[in-house]
Amino acid sequence: KALAVFKVIADAEASVHGYSVEEVHFHEIGAIDTLVDVIGVCAAIQFLKPNQIICSYPPAGSGVVNTSHGFLPVPVPAVLEIAKKNGINLLGGDIYPKGELTTPTGLALMAVLANFFGQPSSICVTSIGVGLGHRQLDRPNLLRVCEINFSNNELSISNSKPKWQPMVFQEAWIDDSTPEEISLLIDR
């Protein structure tokens, strides 16, 4: 599962950079905390052996984030690519704080491990786990995982299967570009 998660990330990075997967150079992804996150989550899933994993749709975030490539708009290109390739809806709106709320690593874990996306119509919670983040937000920075039982052993989720939805997103920031840079871009 961990290798599948890294493949999802590599495919997204290759796509946004216009490289083959073999040419992808991981920056933030190669960091030790990413390795611990991916391997730790996959090991926990293997240990817990859940029948199914259901994820709510993740918040996209907004604004910009500083990366090894410089400042990027949020959601970052790799998150958009993973969401597009896996048919995962991203939530937005003013109810969420500014900043990167869904990372490529987190979304790749969801894409590989989740059986369904959405909100069950009714659940019976049997246990709850909470993980706390270190970044300061205007609300608690946490991830909550619930073990649930479904009444009558039936799974009832609206829009439970991810669906392919074509999306076009084009953005250009040329305000501070010189005429020479623009002419080079036009030629390319």
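Glu22 sits in the loop between H1 and H2, where helices are DSSP runs of H or I with at least four residues, strands are E runs of at least two, and numbering starts at the N terminus. With a relative accessible area of 71%, Glu22 is exposed; the cut-offs are under 20% for buried, over 50% for exposed and partly exposed in between, using a 1.4 Å probe and protein chains only. Glu22 and Asp11 are 11 residues apart in sequence, and their C-alpha atoms are 9.6 Å apart in space.

A word on the model: it is predicted, so local features need pLDDT of at least 70 and side-chain atom pairs count only at pLDDT 80 or more, while totals for chains, interfaces and linings use all residues. Residues are numbered from 1 along each chain as its sequence is written, and side-chain values use heavy atoms, leaving out hydrogens and water.

**Overall layout**

- The chain has five helices and eight strands, and from the N terminus on they run α-α-β-β-β-β-α-β-α-β-β-β-α.
- Of the 188 residues in the chain, 29% are buried.
- Take the contacts (heavy atoms within 4.5 Å) between residues at least 6 apart in sequence: 69% of them join residues at least 24 apart.

**H1 against H2**

- Helix H1 (residues 2-17) packs on helix H2 (residues 32-48) at an angle of about 135°, and their axes are 9 Å apart.
- Those axes are lines fitted to C-alpha atoms, for helices over the stretch in contact, and the angles run from 0 to 180 degrees between N-to-C directions.
- That makes H1 and H2 oblique to each other, given that under 35 degrees is roughly parallel, over 145 roughly antiparallel, 65 to 115 roughly perpendicular and the rest oblique.
- The H1 and H2 crossing is right-handed, a label for the near helix being turned clockwise from the far one by less than a right angle, with anticlockwise giving left-handed.
- H1 brings Ala2, Val5 and Phe6 to the contact, and H2 brings Thr34, Leu35, Val38, Ile39 and Cys42.
- By class, the contact of H1 with H2 has seven nonpolar residues, one polar and no charged; here Ala, Val, Leu, Ile, Met, Phe, Trp, Tyr, Cys and Pro count as nonpolar, Asp, Glu, Lys and Arg as charged, and the others, Gly among them, as polar.

**H2 against H4**

- H2 also packs with helix H4 (residues 104-113), at an angle of about 25° and with axes 11 Å apart.
- H2 is therefore roughly parallel to H4.
- The crossing of H2 and H4 is right-handed.
- On the H2 side the contact uses Thr34, Asp37, Val38, Val41, Cys42 and Ile45, which meet Thr105, Leu109 and Leu113 of H4.
- The contact of H2 with H4 holds six nonpolar, two polar and one charged residues.

- Helix H3 (residues 77-86) has Ala78, Val79, Leu80, Glu81, Ile82 and Ala83 buried, and their cover includes H1 and H4.
- Gly87 follows H3 and has a positive phi, near 65°.
- Ile182 lies in helix H5 (residues 179-187) and is partly exposed at 24% relative accessibility.
- Setting aside neighbours within four places in sequence, Ile182 contacts Ile174 and Ser177.

**Cysteines**

- The disulfide count is zero, going by the rule of paired cysteine sulfur atoms within 2.5 Å.
- Cys42 is buried at 8% relative accessibility, whereas Cys124 is partly exposed at 44%.
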